[in-house]
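The sequence and structure come first.

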Amino acid sequence: RIIMGVESSCDETGIGLVRLHDDGTVELLADEVASSVEQHARFGGVVPEVASRAHLEALVPTATRAFEAADLKLSDVDAIAVTAGPGLAGALLVGVAAAKGYAAALDVPLYGVNHLAGHIAVDTLQHGPLPSPCLALLVSGGHTQLLRVDDIASSITELGSTVDDAAGEAYDKVARVLDLPYPGGPPIDKAAKRGNPAAIKFPRGMTGPRDAKFDFSFSGLKTAVARWVEEAESRGEEIPVDDVAASFQEAVADVLTAKAVRAAKETGIGTLVISGGVAANSRLSALARERCEAAGITLRVPRPRLCTDNGAMIAALGAHVIAAGVERSSLDISANPALPVGVVSV
Ligand code: ATP
Ligand code: MG
Ligand code: FE
């Protein structure tokens, strides 16, 4: 069966095509993404109205490219999966409306699915079925959560999450302080490679003995970096951008991997999946690999292209939901900007 995935929760318009095989494995056929990120860059963050309009313009051309890449026709599609939330209301609505249109016109079932679960499900396209249970560290622009996944199609529970900023948000804010472009993840990752991660000792939030075990905090780190840069500037010093980037990145990777490994040890779960845009970070995956190996944990990190927002992750999750026998969504579903991670399909 061929499943088409539609993603429009933020600033990426994604159309993915996958094949669900009879044995339950899911194969990637096409993954086309159009981004409006450049239109938001000068604002330092996504402008919702601009994102919605860009989705409207990009959706059909992106779908056309996906079908061309997979050498398929619209009539080959057996089901439509769409991001129902969480995300920007207006942006989500564009994808949901389009998906309903496709489902009605092609007379195929519609599945409204969770964007965050999609970030995890995408890993099955690269590494095969997920073991049950597994742990997932979801690190993206809007979320930072440690999850227990018993079944990607139906059972995800939160063990902990950030109490303030998401990891990606911290990257974007620190990039601004360092005069690096938006989104901040890629330029900080690059600058950090030239810097010394031990140059500045930035705080590791929520790692004290009295802090909640699996929660995170990044706003203190962000403030510490801003203050450090401000003080250096007030002394008339040139900012060692590479060292600040490397030291900040080290703090983020340290906290994320320490908590994830701790969760694996305490729950006895042997597999950790790291996904979401920040999982594209080179230091995070390297440190995770090192620490998981030492602790005997199997680590899975999708390739960077699959970590950031795309339609293939939604098609993949749709395929798992279908394989699990979940009932189709009604054509009346609406977007839910605050859909909780535990609600895999609507
Ligand atoms: P959410 O999934 O929570 O709704 P989102 O969809 O906007 O948020 P993603 O597209 O998953 O988020 O991730 C975007 C974030 O990933 C941005 O904050 C960006 O800076 C960060 N990011 C991308 N590449 C890297 C990298 N190499 N290193 C660190 N962060 C990165
Ligand atoms: Mg994005
Ligand atoms: Fe995302």
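By class, the shell around ligand 1 has six nonpolar, 14 polar and three charged residues; Ala, Val, Leu, Ile, Met, Phe, Trp, Tyr, Cys and Pro count as nonpolar, Asp, Glu, Lys and Arg as charged, and the others, Gly among them, as polar. The model is predicted: local features need pLDDT of at least 70, side-chain atom pairs count only at pLDDT 80 or more, and totals for chains, interfaces and linings use all residues. Residues are numbered from 1 along each chain as its sequence is written, while chains are lettered from A and ligands numbered from 1 in the order in which they are written.

**Ligand shell**
- Ligand 1 is surrounded by 23 residues, the closest being Gly141, Gly142, Gly168, Gly185 and Gly277 (C-beta atom, placed from the backbone, within 6 Å).
- At least two shell residues come from each of helix H6 (167–177) and helix H7 (185–194) (DSSP runs of H or I, at least four residues; strands are E, at least two).

**Recorded binding site**
- The unreviewed UniProt entry lists under "binding site" residues including Val139, Gly141 and Asp189; such annotations may be inferred rather than shown by experiment.
- Valine 139, in strand S6 (residues 134–139), counts as buried because it has 30 C-beta neighbours inside 10 Å (buried means 20 or more).
- Glycine 141, in the loop between S6 and strand S7 (144–151), is buried with 23 other C-beta atoms within 10 Å.

**Strand pair**
- Strands S2 (residues 12–20) and S3 (residues 26–35) run antiparallel, joined by nine bridges (pairing needs at least two DSSP bridges).
- Five residues separate S2 and S3 in their hairpin, and glycine 24 in the turn has a positive phi of about 90°.

Definitions and conventions: A residue is buried if 20 or more other C-beta atoms lie within 10 Å of its own, exposed if 12 or fewer, and partly exposed in between; C-beta atoms are placed from the backbone.
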